[in-house]
Amino acid sequence: MPEDTGATPGSSTVARLRRELARGTTELAVLSVLDVRRRYGYELLKLLRQAGEGVLEVKEGTLYPLLHRLEDAGHILATWEAEGRARPRKYYVITPDGRTYLAMLRAEWSGLVDAMRQLLDTLGEVQE
């Protein structure tokens, strides 16, 4: 007999789907946040977690390698800055190339959302 984990039916599927969606959207989310203003790593992490409302679960082990990839690609620029007596922080800012890339990601995401909405609406009409 399978052990009762207390999970609702399908909850592991939902969790897996959320992880997959997050994996595909974290780059878009990070660049969108940096498009507003520069942020340091931990600040960015907290903001993404709050804004994601539990759906977009960004971990340090995901964020920092992503920031390095975006920096290597020229989409963001990182600079170390000290404020007063505080320890220096590494701030990230989006570059002009990053804004171009962000516009492309937003267009792709919008297209995907529109296509899925159309598909789901069409399936709903077919089942009636």
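Me: What does the side chain of Arg-39 make a polar contact with?
Reply: The side chain of Glu-43, at 3.2 Å. A polar contact here is a pair of N or O atoms within 3.5 Å; within protein, one must be able to donate a hydrogen and the other to accept it, and residues adjacent in sequence count only if both atoms are side-chain atoms. Mind that this is a predicted model: local features need pLDDT of at least 70, side-chain atom pairs count only at pLDDT 80 or more, and totals for chains, interfaces and linings use all residues. Residues are numbered from 1 along each chain as its sequence is written, and side-chain values use heavy atoms, with hydrogens and water left out.

Me: Is Arg-39 buried or exposed?
Reply: Buried, with a relative accessible area of 12%. Buried means under 20%, exposed over 50%, partly exposed in between (1.4 Å probe, protein chains only).

Me: And what is Arg-39 in contact with, neighbours within four places in sequence aside?
Reply: Val-33, Leu-34, Leu-44, Leu-47, Lys-90, Tyr-91 and Tyr-92. Contact means heavy atoms within 4.5 Å.

Me: Which strand has Arg-39?
Reply: Strand 1, residues 39-40. Strands are DSSP runs of E, at least two residues, and helices are runs of H or I, at least four, numbered from the N terminus.

Me: What's the strand order in the sheet?
Reply: 1-3-2, in an open sheet of three strands with antiparallel pairing. Strands 1 and 2 are at the edges with a single partner strand each, so one side of each has no neighbour in the sheet. Two strands pair if DSSP finds at least two bridges between them. Tyr-40 has Tyr-91 in strand 3 as its bridge partner.
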